[in-house]
Amino acid sequence: DGQEGLEKALSHSIDAIITDQNMPNLDGLGFIRKYREHPSSKGKPIIFLSTDSADSLKQQARDAGALGWMVKPFTQAQLLAVIKKVLG
């Protein structure tokens, strides 16, 4: 649930976020946009997950504030590689 995730992300100390595009109540793009409205989101990397590999969706995620992108399904090794990339 994107709305629930947003509330938790804003009320807890976090280092990074992994969000899916397809969630009830608030989709991934909406989640990123709303999260980035808050000063506490500054510098927090976001990895965006989707089954859709369209370049337009990827660009929308970047424009919203995502730093990493994963197309589902993916392997654990792929996820770890993207996490390492966005965390530096």
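Me: What kind of model is it, and how are residues numbered?

Reply: This is a predicted model, in which local features need pLDDT of at least 70 and side-chain atom pairs count only at pLDDT 80 or more, while totals for chains, interfaces and linings use all residues. Residues are numbered from 1 along each chain as its sequence is written, and side-chain values use heavy atoms, with hydrogens and water left out.

Me: OK, at what angle do α1 and α2 pack?

Reply: Helix α1 (residues 2-11) packs with helix α2 (residues 28-36) at an angle of about 25°, and their axes are 10 Å apart. Axes here are lines fitted to C-alpha atoms, for helices over the stretch in contact, and angles run from 0 to 180 degrees between N-to-C directions. Helices (H or I, at least four residues) and strands (E, at least two) are DSSP runs, numbered from the N terminus.

Me: Which class does that put α1 and α2 in, and what is the hand of the crossing?

Reply: The two helices α1 and α2 are therefore roughly parallel to each other, given that angles under 35 degrees count as roughly parallel, over 145 as roughly antiparallel, 65 to 115 as roughly perpendicular and the rest as oblique. Their crossing is right-handed; a crossing is left-handed if the near helix is turned anticlockwise from the far one by less than a right angle, and right-handed if clockwise.

Me: Which residues meet there?

Reply: From α1 there are G2, G5, L6, A9 and L10, and they meet F31, K34 and Y35 of α2. The residues of this contact between α1 and α2 divide into 5 nonpolar, 2 polar and 1 charged, where Ala, Val, Leu, Ile, Met, Phe, Trp, Tyr, Cys and Pro count as nonpolar, Asp, Glu, Lys and Arg as charged, and the others, Gly among them, as polar.

Me: And α2 with α3, at what angle?

Reply: The angle between α2 and α3 is about 15°, with their axes 9 Å apart, and α2 and α3 are therefore roughly parallel to each other. Here α2 passes α3 in a left-handed crossing. L29, I32, R33 and R36 in α2 meet L57, Q60, A61 and A64 in α3, and by class this contact of α2 with α3 has 5 nonpolar, 1 polar and 2 charged residues.

Me: Which residues of α2 are buried, and what do they pack against?

Reply: In α2 the buried residues (under 20% relative accessible area, with exposed over 50% and partly exposed in between, using a 1.4 Å probe and protein chains only) are G28, L29, G30, F31, I32 and Y35. The buried residues of α2 pack against α1, β1 (17-20), β2 (46-50) and α3 (55-64), and a contact of this kind means heavy atoms within 4.5 Å.

Me: What sits at the start of α2?

Reply: There, a side-chain oxygen of D27 comes to within 3.3 Å of the backbone nitrogen of L29. A polar contact is a pair of N or O atoms within 3.5 Å; within protein, one must be able to donate a hydrogen and the other to accept it, and residues adjacent in sequence count only if both atoms are side-chain atoms.

Me: Switching to the serines, is S50 buried or exposed?

Reply: S50, which lies in strand β2, is buried, with a relative accessible area of 1%. A polar atom of the S50 side chain lies 2.9 Å from the backbone nitrogen of D52. Leaving aside neighbours within four places in sequence, S50 is in contact with residues including D20, L57 and W69.

Me: Where is S41, then?

Reply: S41 is in the loop between α2 and β2, and S41 is buried, with a relative accessible area of 2%. Its contacts, apart from neighbours within four places in sequence, are with Y35 and R36.

Me: What does G65 touch?

Reply: Not counting residues up to four places away in sequence, G65 touches I32, R36 and I46. G65 is placed in the loop between α3 and β3 (68-71) and is buried, with a relative accessible area of 16%.

Me: Last topic, the backbone: which peptide bond is cis?

Reply: The bond from K72 to P73 is cis, with omega near -5°, and P73 is found in the loop between β3 and α4. N25 has a positive phi of about 70° although it is not a glycine. Most residues other than glycine have a negative phi, and most peptide bonds are trans.

Me: Where is N25, and is it buried or exposed?

Reply: N25 lies in the loop between β1 and α2, and N25 is exposed, with a relative accessible area of 65%.
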